[in-house]
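Here are a few notes to read alongside the structure, written for someone who is meeting it for the first time. Please keep the display open while going through the points.

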Amino acid sequence: MLQEKASANCLSIVTSTEDGAFQKKGHSARVLSPEEAERLAKDRVLVSEFKQLKLEKEAQKNWDLFYKRNSTNFFKDRHWTTREFQELKACREFADQKLTILEAGCGVGNCLFPLLEEDLNIFAYACDFSPRAVEYVKKNALYNTERCKVFQCDLTKDDLLDNIPADSVDVATLIFVLSAIHPDKMHLVLRNIYKVLKPGKCVLFRDYGLYDHAMLRFKAGSKLGENFYVRQDGTRSYFFTEEFLSQLFKAEGYEQVVNEYVQRETVNRKEDLRVPRVFLQSKFQKPFSKT
């Protein structure tokens with residue numbers, strides 16, 4: 001079921017799922033309950049500067065240990081990617097046109113391999129911060145060097161041009177990647193991707209949104225900064241507002257195409273629990289060259 005809800009400054013698209021939960025897309029952030037608002041307001045103490053510097057220095061090690069513990073079992077394969085991002089199909093100028101994509105932050109291939117299976121006319125560049133994750137991708141039975149090139153890369157400092165020609169990528173994806181990077185360095189990732197993206201082509205973005213359930217679960221002593229937290233394993237997570245993300249991309253020369261919250265419920269029938277999830281799903285375009 002689909003409904004449209006209009007307010008003075010936004011239009012939300014609401015859909016119902018088979019289990020009675022909802023999914024809503026729009027420009028309004030999730031509204032907190034009084035209890036949630038009070039709990040967040042009390043969480044003001046930040047992690048010490050010494051520990052924050054240590055977390056930044058050991059970021060790669062912490063993600064490598066994450067993949068060592070979880071192998072390829074933590075994340076589900078993301079078969080929803082082409083359904084949610086029709087740009088992956090719509091950007092073709094003619095049927096069966098070969099597309100070159102970049103998956104920035106590929107993890108162990110949960111998005112990469114479903115894409116390669118679903119579309120035989122894709123060549124993919126894929127990179128990840130964790131050397132261990134890259135090795136898992138290369139050991140996957142579906143890995144084929146004729147269809148993809150995978151490499152280790154710190155997107156905040158390693159030049160993508162060392163592995164990808166300039167202005168050669170049709171679509172770049174940033175799916176649950178930017179949130180793991182310190183907010184002060186996020187712009188470096190966008191600047192790096194800009195160099196390899198073709199003029200007129202897009203970055204497809206999906207990541208944690210403000211007041212997602214994961215943000216509300218952090219205990220006192222986990223806060224690094226505004227909307228920025230550290231997990232027990234040392235990995236970090238930022239929760240985006242629509243405004244912050246828009247400013248971030250526009251400052252690096254991108255044009256906004258779509259930028260909206262996706263609010264949905266995850267339903268646990270056994271425990272009769274409905275968990276509010278909030279994501280930001282967006283599309284930003286590299287402008288055509290000025291003549």
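Which residue in strand 11 is the bridge partner of Tyr229?

1. The model is a predicted one, and the points below should be read with that in mind. The bridge partner of Tyr229 in strand 11 is Ser237, and strand 10 (residues 228–230) is joined to strand 11 by three bridges, the two strands running antiparallel.

2. This pairing belongs to an open sheet of three strands, arranged in the order 9-10-11 with antiparallel pairing. Strand 9 (223–225) and strand 11 stand at the edges and have a single partner strand each, so one side of each is left without a neighbour in the sheet. On average, and with direction ignored, neighbouring strands of this sheet are turned by 25° against each other.

3. The buried residues of helix 8 (residues 186–196) are Met186, Val189, Leu190, Asn192, Ile193 and Val196. Seen down the helix axis, these buried residues fall within an arc of 160°, so they line one face of helix 8.

4. A separate place to look is Gln263, which lies in strand 12 (residues 255–268) and is buried, its relative accessible area being 8%. A polar atom of the Gln263 side chain lies 3.0 Å from the backbone oxygen of Ser28. Leaving aside residues up to four places away in sequence, Gln263 touches Phe22, Gln23, Lys24, Ser28, Ala29, Arg30, Arg277 and Val278.

Methods:
Residues are numbered from 1 along each chain as its sequence is written. This is a predicted model: local features need pLDDT of at least 70, side-chain atom pairs count only at pLDDT 80 or more; totals for chains, interfaces and linings use all residues. Side-chain values use heavy atoms; hydrogens and water are left out. Buried means under 20% relative accessible area, exposed over 50%, partly exposed in between (1.4 Å probe, protein chains only). Helices (H or I, at least four residues) and strands (E, at least two) are DSSP runs, numbered from the N terminus. The arc is that of the directions from the helix axis to the C-beta atoms. A polar contact is a pair of N or O atoms within 3.5 Å; within protein, one must be able to donate a hydrogen and the other to accept it, and residues adjacent in sequence count only if both atoms are side-chain atoms. Contact means heavy atoms within 4.5 Å. Two strands pair if DSSP finds at least two bridges between them. Axes are lines fitted to C-alpha atoms, for helices over the stretch in contact, and angles run from 0 to 180 degrees between N-to-C directions.
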